[in-house]
Each structure stands twice: as structure tokens, then as C-alpha cells.
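Here are my notes on this model, written up as numbered points. Have it open while you read.

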Amino acid sequence: MRFRTVKKTELIWLVLSVITMGFCLSFLNQASFGTDPCTMFNLGMSKKLGLSLGNWQALFNCTLFILVFLFAKEQIGWGTIANMFLVGYSFDFFSWVNSLVLPTDFFQPMYIKILVTIPALAIFILAASIYIAIQQGTSPYDALPYIINKRLEKVPFKLVRMCWDISFCILGALLGEKIGIVTIIMAFALGPAITYAEKHIVAKLIHK
């Protein structure tokens with residue numbers, strides 16, 4: 001497990017990064033160009049069950065956490081706990097704030113959707129990069145591909161991860177969610193984008 005001593009600045013960045021991820025997802029969802037595969041699935045399930053995204057995602061993450069605890073304890077850290085709860089509940093909070101502050105038809109014009117999606121996606125990637133760079137564990141959703149890859153050693157991890165994300169895209173679509181351009185970008189390009197941001201931006205931001 002990665003429950004090492006955390007510097008105060010690291011803890012602040014960790015909490016801010018996962019809250020920012022929820023903040024960005026609330027806008028990406030409103031813009032209707034799709035979200036990341038995991039959120040897409042969770043949105044579909046939360047609607048089917050009549051739960052808020054935060055409540056369902058907490059339940060879903062706790063279920064996956066059991067598997068991670070049993071088979072990949074090294075993937076667990078403070079970042080794991082923060083991601084399990086703060087992303088979903090931040091999404092709920094900012095979606096509620098948006099509904100109070102923004103007009104009901106605010107996201108209808110295409111140019112608004114585009115103007116909202118581009119910065120929201122860029123900030124989400126940066127926030128995810130910060131979260132990963134701190135190296136305080138991964139979310140249960142992200143840890144499961146590592147567990148699968150351990151048992152499929154001859155299969156490249158990138159392929160396992162891609163199949164994992166695509167599977168959740170399909171499940172989300174079956175639950176009535178839309179596979180949008182943002183979903184495709186996150187499923188195929190999020191990993192390389194995060195690696196680039198972590199190397200060229202986050203390293204200077206946190207480890208300077």
C-alpha cells in the first residue's frame with residue numbers, strides 16, 4: 001500500500017485534483033460530447049438505479065476496492081480513497097451549482113458546447129496528471145486492469161487497458177449513455193496525454 005507520509009502540499013494538490021476532475025466532468029456531461037468510459041458507465045447505472053452519481057460511484061468503487069485489496073494492495077493509497085468519493089460527489093455538487101446559476105438552455109448552442117468542452121477536457125487531463133504524479137495510489141477502476149494484466153502476462157498492458165475502457169463504453173451505451181467524441185478521446189488518447197502532461201507540466205508544478 002502507498003499510505004506513506006504525505007507532504008501538506010501534496011495532500012492539497014491531491015484533493016484539489018480529484019475535486020477538479022469532478023468539476024470538469026460536470027461540464028463535460030452537460031456539453032453532451034461524452035465523458036470518460038468509467039463515468040459514462042456510472043452515469044448510466046446511477047440513472048437506472050435512481051441514485052446520484054456520487055452515491056452510485058461510491059458504492060461501485062467500494063465493491064471494486066475489495067478486489068484491489070485482495071489482489072493488488074500496492075495500488076492502494078490516499079489517492080485511492082480521495083478518488084473513490086470526491087470525484088463523484090464533486091460532480092454532484094457542481095452539477096447542482098450549474099443548475100442554479102446557469103440558464104436551462106445554456107448548453108443548447110453548439111458553439112457553447114465546444115467552448116465548454118475544450119477547456120474542461122484540457123483541465124481534466126491536467127488534474128488527472130497531477131493526481132497520478134503524486135503517486136498516492138490509483139482508483140479501483142484504474143487498478144483492475146493491473147490485476148487482469150498480472151494474470152495475462154503475455155498480453156501488453158496497453159491492450160488490456162484499452163479493452164477495459166472499451167468494455168465500459170459498451171456497458172454505458174447499453175445503459176443509454178452517449179458515446180461522444182470526448183469518450184473516444186479519453187478511451188484512446190487519455191493515457192498518452194496524461195503521460196505528456198505529467199512529464200512536461202506536472203513535474204515542474206509539483207516536483208520543482
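1. Helices here are DSSP runs of H or I with at least four residues, strands are runs of E with at least two, and both are numbered from the N terminus. Ser32 is not a glycine, yet its phi is positive, at about 70°. For context, most residues other than glycine have a negative phi. Ser32 has a relative accessibility of 32%, so it counts as partly exposed. The cut-offs are under 20% relative accessible area for buried, over 50% for exposed and partly exposed in between, with a 1.4 Å probe and protein chains only.

2. A word on what we're looking at: this is a predicted model, where local features need pLDDT of at least 70 and side-chain atom pairs count only at pLDDT 80 or more, while totals for chains, interfaces and linings use all residues. Residues are numbered from 1 along each chain as its sequence is written, and side-chain values use heavy atoms, with hydrogens and water left out.

3. Gln135 has a positive phi too, near 55°, and it is a residue other than glycine. You'll find Gln135 in the loop between H5 and helix H6 (140-151).

4. On to the overall build. The protein has eight helices and zero strands, which reads along the sequence as α-α-α-α-α-α-α-α. Its radius of gyration is 17 Å, close to the 17 Å from the globule rule for 208 residues, so the protein is as compact as a globular protein of that length. That radius is taken over C-alpha atoms, and the rule is 2.2 Å times the number of residues to the power 0.38. Along the principal axes, the C-alpha atoms fill a box of roughly 45 × 40 × 30 Å.

5. How does the chain pack against itself? Take contacts (heavy atoms within 4.5 Å) between residues at least 6 apart in sequence: 77% of them join residues at least 24 apart. Buried residues make up 46% of the 208.

6. Now the surface. Its accessible area is about 11,000 Å², with 71% belonging to carbon and sulfur atoms; the areas come from the Shrake-Rupley method with a 1.4 Å probe, and for residues only the protein chains shown count as cover. As for charge, there are 17 positive and 10 negative charges, and their mean positions are 6 Å apart. Lys and Arg count as positive, Asp and Glu as negative, and His and the chain ends are not counted. Each charge is placed at NZ of Lys, CZ of Arg, CG of Asp or CD of Glu.

7. Which residues have the most contacts inside the largest nonpolar core? They are Met21 and Leu28, in a core of 28 residues. The elements giving two or more residues to this core are helix H1 (8-31), helix H4 (78-101), helix H5 (110-133) and helix H8 (181-206). H5 gives the most, with 10 residues. Apart from this core lies another, of 15 residues, among them Phe41, Phe60, Tyr141 and Ile147. A nonpolar core means a set of buried Ala, Val, Leu, Ile, Met, Phe, Trp, Tyr and Cys residues joined through side-chain atoms within 4.5 Å.

8. Beyond its neighbours within four places in sequence, Leu28 is in contact with several residues, including Phe33, Thr117, Leu121, Val182 and Met186.

9. Please look at Gly22 and Ser90 together. Gly22 is in helix H1 and is buried, at a relative accessible area of 0%. Leaving aside neighbours within four places in sequence, Gly22 is in contact with Val87, Ser90, Phe91 and Phe94. Ser90 is in helix H4 and counts as buried at 7% relative accessibility.

10. Ile125 is in helix H5 and is buried, with a relative accessible area of 15%. Ile125 and Ala193 are 68 residues apart along the chain, and their C-alpha atoms are separated by 7.1 Å.

11. Finally, is Phe157 buried or partly exposed? Phe157 is partly exposed, with a relative accessible area of 26%, and is placed in helix H7 (residues 157-174). Not counting residues up to four places away in sequence, Phe157 touches Pro145, Tyr146 and Asn149.
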